Structures are given as structure tokens and as C-alpha cells.
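Hi,

Here is the structure I said I would pass on.

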Amino acid sequence: MKRKNIYIAYTGGTIGMKKSNFGYIPVSGYLQKKIMKIPDFQKKEIPFFRINEYKPLIDSSNMTPNEWNIIANDIYKNYKKYDGFIILHGTDTMAYTASALSFMLQNLEKPIIITGSQIPLSEIRSDGRQNLLNALLIAANYPINEVTLFFNHKLFRGNRSTKSNANGFNAFTSPNFPCLLKVGINISCNYKVSKKKFNQKLKLNSITPQPIGIITIYPGISEKIIHNFIFQPLKALILCSYGIGNAPQNKNFLNELHSASKRNIILVNLTQCISGTVNMSGYATGNALSNVGVISGYDLTIEAALTKLHFLFSCYKSTKAIKKIMKSNLCGELTLEKK
């Protein structure tokens, strides 16, 4: 079988950093030199690959919608030349980028895998070597044609992933959707790969940065918090509520949310639980939110909800249309309630 060609967009992150007197720092060209010294990357089982290093390299804490556009445009420009794509990225905002790209790149018929590491590739205990080698093998031999995130032997749907461990190699989880593929002694694929080619043209949707807020509900939260948020330039507010979507029934608190809704600020309700889905009809406290204009975010991750709002505001002007599409499943990012 002909060896495939994989494009690696090296945006930055821990995987390519070098130790210095001030801690790990990004150094141009350092990652490529390390990879060339590791024999496994030269084996015939590994596809051909080309690394495009971004200049400057980006610490993922500095990622913004502008960087999402740069990455998406890079893939779009090189889409016809390669069989698959890997994005090397810092872990802190990796799930945000994975979610954003899933909305920005439509009609994918090639795999896009985002990966990185918790320890630099240059260190003997680095997880970067296995993460990158496995990402290359999966992209070439087990292509799942959507935006995914590979970490610690698991391939997740990108817009279902979230960073859940700051210190462990198992940095990412997918709380509400099973992983697509597991790498062990054998490779176990839980995803039915379609053999059908749709021959649709890749569509790129750019994102314009939007003013979006996130508030976590907590016992005793003051309505003044909501008031101060909504009187800033704000288009949407994500509420991380209790359980299945509950929040205080304090009259002043609800009035502030109602005021925001009447000003066409989109209010999205997510659960602050690690897993589960919002069902605002389950309790009176959730129903009260629905009555003042709050919409359900179902089982969206915060990363997917935020990036989906950025995407929708960049594509649509109608608040009514955005609310409707926000509650629909565009690319596997949420699970709708069964009727």
C-alpha cells in the first residue's frame, strides 16, 4: 500500500519545548531536530509527513479566535495536497481549538487530529512521542474524517473533549460521548467509518471574535453579578447551573436574566457537573430559567458551547436563528433529548 502523506501544523505547546534556566520555552526548529533523531519516526510503517512550524510558536494560553482562523486557513490551503492533518497544540486550550475547528471546517473527507503532550518530546518520560506516533498511524490507517483529539491512547471527537486533568497523562476526557478509538495491544475502533465518498467541497467558515460571557452559578450568587455582565457589550451568556439545569428562583436574579433576554442576549444553560445533560423541565427551578428566555445547552461542553456561539454569531445576524441552531446538532457536538 502506498504510504500516505500527512501535514503537521506545529502551532506550539509543551511537546516541542526546550528546557532552560527559566523553565521550558519554545525554540524554533527544536522539535523537528528531536523528531529526526528518533528512529521510530523514520520507519516505513509511519506515513510521510511534513512539519510546518508556525512563526511565532503560540503558547496555547494565548490562543484566540484569530489563531483558530490561522489554523483553519492553513488546513484549507493544504487540503488537496495531503491525506490527513495533525495539529500539534498546547493542552490548555486544545479542546477549545478542536471544538472551534469542527464548526469552521465543513464537509471534511480527511482526518484532522489535534494532539500534544504533558511532557516535552525532549524528555525521556515524554508522552509526546507516543501521542504523535499514534496520531500519524491513525491518520494514515484508521482515518476518521472529522476533527478529533488524540491523547493518552484515546481518540476523542474534538467537540466532545475537555481537559480534565492538569497533571496526568490522561489529560482529556469525553464525558458525554464515547471515545472513537482506543490504542492498546490492539486498536479498537468504536466508530463506524463510512466508505462512501461524498465528494463535497471543503467549506471554510471564518470566525469573528464575539463578546461572550460565562458565569458559574453558586449558592448566594447576587443578581448584581448578572446585571454587571449584561450591561457590558455582550451577545451571549453561558450559565453553568446546578445538576440538570437548575438555578436560584430569586425574583431579582430571574428579572436580570429576563432583561438580558429582552435585549437579545442569548442565554445558554449548561450543567456544571462533569457529565450529564440539561433538562430544564425536570424541576421548577429549571423551568423558571426557561420562562425568562434561557435555552438549553443539552450536554455541550463549555468549550463546544463557547466556540459554537462564536461560529453562529460569525455566520448569522438573526438572534432567533442563532437560538434555533444553537439547540440543533451540527457536527456531533450535542445529544438531543429523545421525544
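Helices (H or I, at least four residues) and strands (E, at least two) are DSSP runs, numbered from the N terminus.

Which residues of α8 and α9 make the contact? From α8 they are Ala 305, Lys 308, Leu 309, Leu 312 and Phe 313, and from α9 they are Ile 322, Ile 325 and Met 326. Contact means heavy atoms within 4.5 Å. Seven of the residues in this contact are nonpolar, none is polar and one is charged (Ala, Val, Leu, Ile, Met, Phe, Trp, Tyr, Cys and Pro count as nonpolar, Asp, Glu, Lys and Arg as charged, and the others, Gly among them, as polar).

A quick word on the background: this is a predicted model, where local features need pLDDT of at least 70 and side-chain atom pairs count only at pLDDT 80 or more, while totals for chains, interfaces and linings use all residues. Residues are numbered from 1 along each chain as its sequence is written, and side-chain values use heavy atoms, with hydrogens and water left out.

Helix α8 also holds His 310. His 310 counts as buried because its relative accessible area is 6% (buried is under 20%, exposed over 50%, partly exposed in between, with a 1.4 Å probe and protein chains only). Not counting residues up to four places away in sequence, His 310 touches Pro 65, Trp 68, Ile 207, Thr 208, Pro 209, Gln 210 and Ile 212.

**Rings and charges**

How many aromatic pairs does a search of the whole structure find? It finds seven (ring centres of Phe, Tyr or Trp, using the six-membered ring of Trp, within 6.5 Å; planes under 30 degrees apart are stacked, over 60 edge-to-face, the rest tilted). Tyr 79 and Phe 85 make a stacked pair, 6.0 Å centre to centre with 5° between the planes. Tyr 79 is buried at 11% relative accessibility, and Phe 85 is buried at 0%. Ring pairs also link Tyr 7, Tyr 79, Tyr 82 and Phe 85 into a cluster.

The charged end of Lys 110 sits over the ring of Tyr 79, 4.8 Å from its centre (NZ of Lys or CZ of Arg within 6 Å of the ring centre and within 35 degrees of the ring normal). Likewise, the charged end of Arg 3 sits over the ring of Phe 48, 4.1 Å from its centre.

Most residues other than glycine have a negative phi, and most peptide bonds are trans. Here, a cis peptide bond joins Lys 55 and Pro 56, with omega about 0°. Pro 56 is in the loop between β4 (48-53) and α2 (65-78).

Asn 152, in the loop between β8 (147-151) and β9 (154-157), has a positive phi near 50°. Tyr 298 has a positive phi of about 50° too, and lies in the loop between β18 (294-296) and α8. Asn 152 is partly exposed at 29%, while Tyr 298 is buried at 13%.

Cheers
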